[in-house]
Amino acid sequence: MSDNVGVNSPDVPHPEALDPAVLHPRLPSPLHEVADERFARHGVRLLLKRDDLIHPDLVGNKWRKLAPNLRAAAGRPLLTFGGAYSNHLRATAAAGRLLGLDTIGVVRGHELADRPLNPSLARCAADGMRLHFVDRSTYRRKTEPETLAGILRAADAEEAYVVPEGGSNALAVQGCRALGEELSGRADVVAVACGTGGTLAGLAAGLGPGARALGMAVLKGDFLAAETAALQTRAFDGRRGTWSLDTRFHFGGYGRTPHELLAFADDFEARHALPVERLYVAKLLYGLVVLTEAGAFPRGTTLAAVITGRPFS
Ligand SMILES: Cc1ncc(COP(=O)(O)O)c(C=O)c1O
């Protein structure tokens with residue numbers, strides 16, 4: 001099988017279709033309070049910021065990050081990177097279908113090229129994304145200019161507009177600033193799950209004084225604070241807002257969802273009729289319950305949790 005699976009959209013995009021605003025995002029996203037005794041008994045009000053309701057296909061932080069990049073791509077094919085279950089790849093593919101843009105997904109794992117597509121990659125291909133599989137060592141080096149140039153050549157995509165893995169570039173971080181602006185004056189602490197730190201970087205910049213952002217890392221490791229700071233520098237020329245990271249709730253690392261976490265997520269869904277995305281949002285909400293029960297937030301705190309995604313179905 002060739003490394004390229006799926007079809008390029010044959011449509012030439014209409015210029016007016018390139019502004020993602022034509023997709024009618026629900027912005028500002030809804031913000032509502034939920035009654036949960038695990039927070040209430042510590043005097044903490046819990047608000048849910050429903051970014052998962054922004055758009056059915058460009059869910060949560062994906063809308064905020066992709067919209068400015070889609071504008072900047074101005075009709076060029078959009079190439080980006082992800083693992084076999086990447087939310088970001090699916091959202092990019094959906095954006096391509098909706099706006100009539102060609103998309104190319106560079107997927108980690110050359111061996112996947114010879115296997116049937118998993119449901120997540122099958123959705124990408126069905127949305128017209130051309131999939132290009134690369135071996136893990138090349139994938140790790142994809143930000144090095146020579147390696148990137150080689151990938152673009154091999155994918156026959158040298159003209160493409162390139163968006164990094166996870167979608168976090170300066171434009172994406174600037175796009176996430178609106179999340180903070182929507183929450184400004186509405187909460188004392190705003191918490192968000194972090195992969196690359198891009199959403200946190202933008203959120204903190206938009207929040208303004210009097211509130212702080214708390215990032216809950218879903219990956220293991222200590223790189224995230226430096227990454228988040230670097231993203232703020234790229235997007236805003238320096239550190240912005242008040243933010244910190246908690247790295248204790250990764251549950252073993254990215255993609256790890258032990259039984260305790262899944263049971264917590266099932267219970268949260270039942271209590272609040274909220275579809276809980278398991279890789280990011282469940283870890284965020286679990287961490288907030290533990291921190292609240294440990295007295296991390298003073299009585300009278302209004303705590304907003306950003307619901308950045310929805311379970312894949
Ligand atoms: C549902 C969800 N929440 C949070 C994040 C983390 O966003 P960031 O990479 O900006 O930290 C992601 C990243 O892909 C995500 O898919």
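What follows is a short chat about the ligand site and the salt bridges of a predicted model.

Q: Before we start, what should I know about the model?
A: It is a predicted model, in which local features need pLDDT of at least 70, side-chain atom pairs count only at pLDDT 80 or more, and totals for chains, interfaces and linings use all residues. Residues are numbered from 1 along each chain as its sequence is written, and side-chain values use heavy atoms, with hydrogens and water left out.

Q: OK, which residues come nearest to the ligand?
A: Of the 16 residues around the ligand, those are Lys65, Gly195, Thr196, Thr199 and Thr308, where "around" is taken as having a heavy atom within 4 Å.

Q: And how far is the side chain of Thr199 from a ligand oxygen atom?
A: An N or O atom in the Thr199 side chain is 2.7 Å from an oxygen atom of the ligand, while for a polar side-chain atom of Thr196 the distance to a ligand oxygen is 2.6 Å.

Q: Switching to salt bridges, how many are there?
A: The count comes to 21, a salt bridge being a side-chain nitrogen of Lys or Arg within 4 Å of a carboxyl oxygen of Asp or Glu.

Q: Take Arg50 and Asp52, are they buried or exposed?
A: Arg50 is buried at 10% relative accessible area, and Asp52 is buried at 2%; buried means under 20%, exposed over 50% and partly exposed in between, with a 1.4 Å probe and protein chains only. The two form a salt bridge, with their closest N and O atoms 2.8 Å apart.

Q: Which residues form a network?
A: Asp36, Glu37, Arg38, Asp267 and Arg271 are linked by salt bridges in a network.

Note on methods
A polar contact is a pair of N or O atoms within 3.5 Å; within protein, one must be able to donate a hydrogen and the other to accept it, and residues adjacent in sequence count only if both atoms are side-chain atoms.
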